[in-house]
Amino acid sequence: MEEEKVEVVIVGAGLAGLSAAYVLAQEGVDTVVVERGDYPGAKNVTGGRIYMYPVARYFPELWEDAPLERHVTRETLTMMAENCSTSITLDSDRFREEPYHSYTILRSKFDRWFGDKVMEAGAFVLPKSRADDVIMEDGRVAGIRMGDEDEIPADVVIAADGVLSLMAEKAGLRQAQQPKHFAVSVKEVIELPSKTIEDRFSLGPNEGTAQLFFGDLTKGMMGGGFLYTNINSISLGLVVGIESLMERDPKIEVHELIEDFKARPEIRNLIAGGEIVEYSAHVIPEGGVNAMPRLYSDGILVVGEAAGFGLNMLLTVRGMEFAVGSGVMAAETIMKARESKDYSAASLSYYEELVKESFIFKDLHSFRNVLSMLENPRLFNFYPQAVCDIFEKLMWIDENPKAKISSTVIREGISKFLNWSTIRDVAGMLRI
Ligand SMILES: Cc1cc2nc3c(=O)[nH]c(=O)nc-3n(C[C@H](O)[C@H](O)[C@H](O)COP(=O)(O)OP(=O)(O)OC[C@H]3O[C@@H](n4cnc5c(N)ncnc54)[C@H](O)[C@@H]3O)c2cc1C
C-alpha cells in the first residue's frame with residue numbers, strides 16, 4: 001500500500017531520530033518517524049549517563065521536565081586485577097552545582113516521554129513499524145519500504161536506525177564493516193529502593209554515582225564495565241570488543257563475563273537483594289572517524305550511531321550527545337534545503353559541514369587513536385595487577401619491619417615499569 005508522500009521520514013525513534021523530528025515538527029515540516037519497537041525506547045540500550053553541557057543548547061525547554069534519573073556527583077575509575085582492584089574517585093562540589101554536569105538516564109523511560117513530546121509538536125511516531133529498504137527513484141532515495149506492501153514516499157529520509165543502520169547500507173552509504181570496529185555489550189537494570197542506593201553509595205537525595213571498570217572483568221579482552229545509579233535501580237553492564245571475543249581461546253560467552261563480574265566482592269555487595277528488571281544486549285560502534293559512513297546522498301542523511309557517532313574515551317563513554325546534536329543538524333540542513341526544495345546530495349552536503357564544524361567531529365577526531373590503545377592486552381591484565389600489587393605491598397603490615405614507602409615504590413616501580421613494553425605503552429598513551 002502506498003502512503004501519501006511526506007516531506008521527511010525518519011527511521012528510528014532513538015535520541016537522534018526524535019531530536020530531528022522534534023525540531024522539524026516545531027518548524028511545521030510534515031514528518032513521520034517509524035520505529036520497530038513497541039514504543040520509542042523499547043529497544044534502546046545505553047549505559048548510561050548523558051552529559052548536559054553539549055545538549056542543553058538544543059530545546060532547553062524540554063530538558064527542564066525531562067525524566068532524567070540522578071545527577072552524577074561522583075566519578076570512579078576502577079582497575080580490576082584477578083583478586084583485587086584499585087579505584088580512583090573524584091567527588092567534587094562542582095558536580096553538585098546547577099546546572100548539573102551529567103545525569104544518569106534510562107532510555108526506555110526517556111525515549112518514550114520524548115516520543116510523546118515529538119507527537120505533541122506535530123510529528124507522527126509510528127511504533128511497531130520496521131523499515132526494510134529505501135525506495136530508489138532515478139538514483140536518489142525517495143522514501144522507505146516496510147515489508148512487501150507498505151511504502152512511505154518522502155522528499156528526504158533520515159537514517160536514525162542505530163549502530164547497524166540498514167538504511168545507510170541499503171542506500172549504499174556504508175562500506176563492509178570490520179569486527180574490530182564494534183563491541184558487544186550486556187546490561188542489567190537491577191531494582192533497589194532509592195534509600196538503599198543512597199545508603200550503599202553514600203549519596204544524597206537525587207545524587208548519583210558513575211563508575212567505569214577495566215581489567216580482569218573482560219579476561220584480558222578489550223572492553224570494560226560500567227555501573228550507574230538511577231533513582232531506584234542500578235544499571236550494570238560490560239562491553240567487549242567483538243574481534244577480541246572472536247579470537248579468544250578458550251572461548252567465553254558474554255553472559256558468563258557478566259555473571260563473574262556480578263560475583264566479584266566489589267559488585268555483589270552493592271547489588272545484593274536487587275531484582276533484575278531489564279536485561280539487554282547491544283552492539284556499540286568503536287571505529288570512530290576511521291569507520292564513519294558517508295553522511296549524506298541524494299534524498300538521505302545519516303545521524304547518530306547509524307553514522308558511527310560513538311566514542312569510547314576510556315574514562316567515559318559518549319554517544320547520546322552526538323545523537324542529539326547530529327539529529328538537530330540534520331533538521332537544520334533540511335530546513336535550509338526546503339527553501340529551494342532541493343534535496344540533492346549537493347544541497348544536503350551542508351549537513352556534513354555542520355557536523356565537521358561541531359563538537360561531534362572534533363571530539364571523534366581528537367580521540368581517533370583510542371581504539372589502537374585499547375587493543376593493547378597489557379591494559380587489561382598487566383597494569384591492573386601491577387598497580388594492585390604495589391598498593392597491597394604498601395598497605396600490608398605483618399610481623400616483619402616495614403620498608404619505607406619510598407623504597408617500596410621505587411623498588412616495585414623499577415621492577416614492574418622500567419622496561420621497553422611500558423615505555424612503548426606510555427608513548428602510545430601520549431597519542432590520545
Ligand atoms: C551498553 C551501552 C552503554 C552506553 N553508555 C553510554 C553512556 O553512558 N553515555 C552515552 O552518551 N552513550 C552511551 N552509549 C551510546 C548511546 O546509547 C548511543 O550513542 C545512542 O543511544 C545512539 O542514539 P541513536 O538514536 O543514534 O540510536 P539508538 O538509540 O540505537 O536508536 C535507534 C532506533 O532505531 C530503531 N530501529 C533500528 N532499525 C530500525 C528499522 N529498520 N526500522 C525502524 N526502526 C529501527 C531502534 O529500535 C532504535 O529505537 C552506550 C551504548 C551502549 C550499548
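This briefing covers the domains, the ligand shell, selected residues and the backbone geometry of one structure. The model is predicted, so local features need pLDDT of at least 70 and side-chain atom pairs count only at pLDDT 80 or more, while totals for chains, interfaces and linings use all residues. Residues are numbered from 1 along each chain as its sequence is written, and side-chain values use heavy atoms, with hydrogens and water left out.

**Domains**

- The chain is divided into domain 1 (6-68 + 105-175 + 293-357), domain 2 (180-285) and domain 3 (373-429); these bounds come from an automatic or database domain assignment.
- The centres of domain 1 and domain 3, taken over C-alpha atoms, are separated by 47 Å.

**Ligand shell**

- The ligand is surrounded by 35 residues, and the closest are Glu35, Thr46, Gly47, Arg107 and Glu305. A residue is near a molecule or strand if one of its heavy atoms lies within 4 Å of it.
- By residue class, the shell around the ligand holds 13 nonpolar, 12 polar and 10 charged residues. Ala, Val, Leu, Ile, Met, Phe, Trp, Tyr, Cys and Pro count as nonpolar, Asp, Glu, Lys and Arg as charged, and the others, Gly among them, as polar.
- Domain 1 and domain 2 each contribute at least three residues to the shell around the ligand.
- At least two shell residues come from each of α1, β13 (223-229), β15 (275-285), β19 (317-318) and α9 (320-340). Helices (H or I, at least four residues) and strands (E, at least two) are DSSP runs, numbered from the N terminus.
- The element that gives the most to the shell around the ligand is α9, with 3 residues.

- A polar side-chain atom of arginine 107 is 2.7 Å from an oxygen atom of the ligand. A polar contact is a pair of N or O atoms within 3.5 Å; within protein, one must be able to donate a hydrogen and the other to accept it, and residues adjacent in sequence count only if both atoms are side-chain atoms.
- For arginine 36, an N or O atom in the side chain lies 3.0 Å from an oxygen atom of the ligand.
- For glutamate 305, a polar backbone atom lies 2.8 Å from an oxygen atom of the ligand.
- Of the 1000 Å² of accessible area that the ligand has on its own, the protein covers 97%. Accessible areas come from the Shrake-Rupley method with a 1.4 Å probe; for residues, only the protein chains shown count as cover.

**Buried residues and packing**

- Serine 19 lies in helix α1 (residues 15-26) and is buried, with a relative accessible area of 0%. Buried means under 20% relative accessible area, exposed over 50%, partly exposed in between (1.4 Å probe, protein chains only).
- Beyond its neighbours within four places in sequence, serine 19 is in contact (heavy atoms within 4.5 Å) with Phe59, Phe114, Val324, Gly327 and Val328.
- Valine 254, in helix α7 (residues 254-263), is buried at a relative accessible area of 12%.
- Valine 254 and valine 186 are 68 residues apart in sequence, and their C-alpha atoms are 7.2 Å apart.
- Glycine 208, in strand β12, is buried, with a relative accessible area of 0%.
- Apart from neighbours within four places in sequence, the contacts of glycine 208 include Arg70, His71, Val72, Leu203 and Thr229.
- Helix α12 (residues 359-366) has Phe359, Ile360, Phe361, Asp363 and Leu364 as its buried residues. These pack against β18 (311-312), β19, α9 and α11 (350-357).

**Backbone geometry**

- Most residues other than glycine have a negative phi, and most peptide bonds are trans.
- A cis peptide bond joins glutamate 98 to proline 99, with omega about -5 degrees; proline 99 is in the loop between β5 (85-91) and β6 (102-104).
- Another cis peptide bond joins aspartate 249 to proline 250, with omega about 0 degrees; proline 250 is in the loop between α6 (242-247) and α7.
- Lysine 128 is not a glycine but has a positive phi of about 55 degrees. Lysine 128 is in the loop between β7 (124-126) and β8 (133-137) and is exposed, at 64% relative accessible area.
- Asparagine 206, also not a glycine, has a positive phi of about 70 degrees. Asparagine 206 lies in the loop between α5 (194-201) and β12 (207-215) and is partly exposed, at 48% relative accessibility.
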